[in-house]
Amino acid sequence: MLFIFRRMAGAVFVIFGTITLVFAILYWLPGDPAVLVAGENATEESIARIRTLLGTERPLWAQYLDYLSGLAQGDLGTSFATQEPVTIRLWAQFPSTVALTLLASTVAIVTGVLFGVIAAVNRGNRLDQAIQSVMLFLTSMPSFWFGILLILLFSVTLQWLPAIGSDSFAQLILPVTCLGLIASGRLMRMVRNSVLDVLDEPFVTALRAKGLVEWQVLFRHVLRNALIPVVTLLGILVGELLSGTVVVETLFARQGIGRLLVDAVGVKDVPVIQGTVLIASISFVIINLLVDLSYSVIDPRVRVEG
Amino acid sequence: MITRRHAALLLGAPLILPARAFAQERQPATPRRGGELLFGLDGAAVASFVLDPHDSGFAPHNRVFRSIYDGLVVLRPDQSVGPWLATSWEISPDQKNYTFKLRTDVIFHDGTKFDAAAVKANLDRIGNGEGRPLTALPDIGSYESTEVLAPDTVRIRLKEPFAPLLRNLSKTTLGIISPAALAKHGAAIAQNPVGSGPFRFVSLVQGVEIKLERNPDYNWAPAGAAHQGPAYLERLTFKNVPEEATRVAAVQSRQVHAADGIPPQNVVAFRSASGFQMLEKELLNNNYTIYLNVTKAPWNDEEIRQAFRASLDLDAAVRVIYLGTTPRAWAPLSPSIFASADASLKGSWRPDLARAQQILEAKGWKVGARGIREKNGERLTVSFADTQGNREKRLDVIQFLRRQLARSGFDLSIDSQPNATYRQKLTDGDYDLSGASQFAPDPDVLSRLHLPDGRTRASVAKTNDPDISEWLRAGRREGDPEKRAEYYVRAQRKLVEKVYAIPIYVLLYTIAASDQLQGLVIDTHGFPQFHGAWLRA
């Protein structure tokens, strides 16, 4: 319990640090949001009026404290660009990104772990080499290039799957495959290596000597011990997938928080950028918290030491 | 690994596979009613659609406006102005009063009636707006007020003559919005558009799609339109597909019936692909032009600008990057705009590397390390400020020019920035070179760039030439078209002669479509017209 509490306190600190840093960077970057909101034909007076309206003429610390106190009440502010509450703009885009990220993670985990184990068991032979080359190929693929290849093959040539949109499950398949398979390459190599390490340990030989069937050795004992480093990598991977959605969402013409963020940075829509970063860092922190908690499930020793 | 040959096979496959060439003979078919047209829009990775015509200068959104909103007048193919919601008009001898007679049978999508008061509400919103100034403000120039003389008669008063007004009234940016909807939605009209056009708004998903449906009452298309009466299509859906490769794939896989902003390599392929068609038409545009920052040394020196331009071989750049699909520009205004000097400026200068080097030598810029010229310890660097990425392959062009410039000792670098930073740099004059284009039906668009008191502080052009300013002001006031054209031609000639502007290419608006789509046309402005479009069974 103390472990969870400590992790939570750390998480709050990380989130707080992130939004403070982003806040500082945004104001340090050149460009006045009021000028952009006012548009091409604005006079000096109307820019000044908009500055007051947005509240950007106040000192930086006042704006920062104001933002924090709003945040404490669950108010993410109002978008500079569209005058809509930031929460509304975020919730319009977020579910689509969550679906994409979670499904892509699932694809990455299933293929990564499966092929990693197969490769490890077949160490050195053709199957291992084949799996390794394919996975290396996938890992080295930039997502926009792999995505275009998938579209050409499955949408244009075979006409099996839609290339664009975010309404149906079919429209998720290509972007999920694109993101998930690229991530699975690294995961597979990690799984393979750590399974191989564990296979060499004396307790495995002991288990085999005890007369356990090979699949029991593998899945009950080896995999469980091999998973700890893999799970650590998973925490980082989910974060990478989340940021990878920026490219994939644009490529597959999907809704999503990635595009919202890029758009907001372009027009210096500070509240929207802050909101997006906040929601992304919360997701990242939650995932890493889950990763940390899962250690104790996989390996009870962590609980005692934690 | 994928080799180049495999990649070529993969890329080429879509062009070979749908080989249904012999099946569909072109025959004049009778238009079919109904169906939903899916259109892939080259809308950039924006997260919010702004469907307020008075407040968006963003071309992709303006391509949607023409289906929702009508204009008072229409621009005909010969660049003259014809009646639309206004049936006739009179201009007072002092050119300060425009009196319009209006159609009386026009109804907005919300059921309210179009009349003189509606025109007044729209123009007052732009001209005397309480809130922040809207994008369309420069389109109405010296607007003073609008007077309702009768339900079907309206008079626009100007503070001083503004000859571009009539042509500007044909722009999508001066489309007429329902005043009742304006009162109801306020600024949120941008997400709840209500006009009188052939399609009415159904719904949108921000950044992703815009759904429209047929306006069954529509019966006021301008004379000479390809189609009269309600649109054939039941529904019209725009899908925003920012990535060009995806847009092309969506057409090829028939996930959309058509898409715009087709990259050159695919234009060439679609032209000959069976089962598909290409529509291409010049966009009335102040061409994509690059401007040296003339407020900053050494670009304030005309000879250095001449040396810069003499280093460029634009014919080669445009031919290589656009594969011959789009013409190279000679004048700031695209060839079809009234008063464009494109034809008369053709061949007005040519690349001359020797001359460029000679000028730079004479000016004391000596070749230094890595072939880059230096003077008093300062290197001859050119920072190209940019915010839009490789839109229309502009950065490819700049990269190409970069190598040409290196031969005479210029060191060009690309300074890519978010929009906010970019505009700040333009405002502060903290750049050497930048480029832009502006769609416009009237030559007065030049004033927005080259008239010091007529442009924004973040203007990409910083021209300040007394002759040009005088001609641009005179062009605004002049009522006689021939004299007026003369002013703009002179201004364009001097802009090119003094290297204030280096026009690059003429943009063709491109649509790739399945053969199933019929009757889609590109209007005189260069925007798509869906009113007469229909889908073959």
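**Val12(A)**

My cut-offs: buried means 20 or more other C-beta atoms within 10 Å of the residue's own, exposed means 12 or fewer, partly exposed is in between, and C-beta atoms are placed from the backbone. Val12(A) sits in helix α1 of chain A. Helices (H or I, at least four residues) and strands (E, at least two) are DSSP runs, numbered from the N terminus. I then took the C-alpha separation of Val12(A) and Val35(A): 34 Å, for residues 23 apart along the chain.

**Basis of the entries**

This is a predicted model, in which I use local features at pLDDT of at least 70 and side-chain atom pairs only at pLDDT 80 or more, while totals for chains, interfaces and linings use all residues. Residues are numbered from 1 along each chain as its sequence is written, and chains are lettered from A and ligands numbered from 1 in the order in which they are written.

**Confidence**

I noted ipTM 0.80 and pTM 0.86 for the model. Chain B has an average pLDDT of 91, with 94% of its residues at 70 or above; pLDDT is the predictor's confidence in each residue, from 0 to 100. Residues 1–25 of chain B fall below 50, and this stretch has 18 contacts in the model beyond near neighbours in sequence. Two residues are in contact if their C-beta atoms, placed from the backbone, lie within 7 Å. Where pLDDT is low, the predicted coordinates should not be read in detail.

**Domains of chain A**

I have chain A divided into domain 1 (2–72) and domain 2 (94–299), with bounds from an automatic or database domain assignment. The C-alpha centres of domain 1 and domain 2 of chain A are 33 Å apart. In the contact between them, 13 residues of domain 1 of chain A meet twelve of domain 2 of chain A. On the domain 1 side, α1 (2–28) and α2 of chain A each supply at least two residues. The most come from α1(A), with nine residues. I sorted that side by class into ten nonpolar, two polar and one charged. Here Ala, Val, Leu, Ile, Met, Phe, Trp, Tyr, Cys and Pro count as nonpolar, Asp, Glu, Lys and Arg as charged, and the others, Gly among them, as polar.

**Chain A against chain B**

How many residues does each chain bring to the contact? I found 43 from chain A and 39 from chain B. On the chain A side, the elements giving two or more residues are α2 (33–38), α3 (44–54), α7 (143–157), α10 (214–251) and α11 (257–266). The largest share, seven residues, is that of α7(A). By class I have 25 nonpolar, 14 polar and four charged residues on this side of chain A.

**Chain B overall**

I list 16 helices and 25 strands in chain B. Its radius of gyration is 24 Å, close to the 24 Å that the globule rule gives for 537 residues, so chain B is as compact as a globular protein of that length. The radius is taken over C-alpha atoms, and the rule is 2.2 Å times the number of residues to the power 0.38. Of the 537 residues in chain B, 49% are buried.

**Strands around β7(B)**

I followed β7 (residues 153–158) of chain B, which runs antiparallel to β5 (residues 97–102) of chain B over five bridges. Strands pair if DSSP finds at least two bridges between them. Phe100(B) has Val154(B) in β7(B) as its bridge partner. β6 (residues 143–150) of chain B also pairs with β7(B), antiparallel, over six bridges. I found Tyr143(B) opposite Leu158(B) in β7(B). β6(B) and β7(B) make a hairpin with two residues between them.
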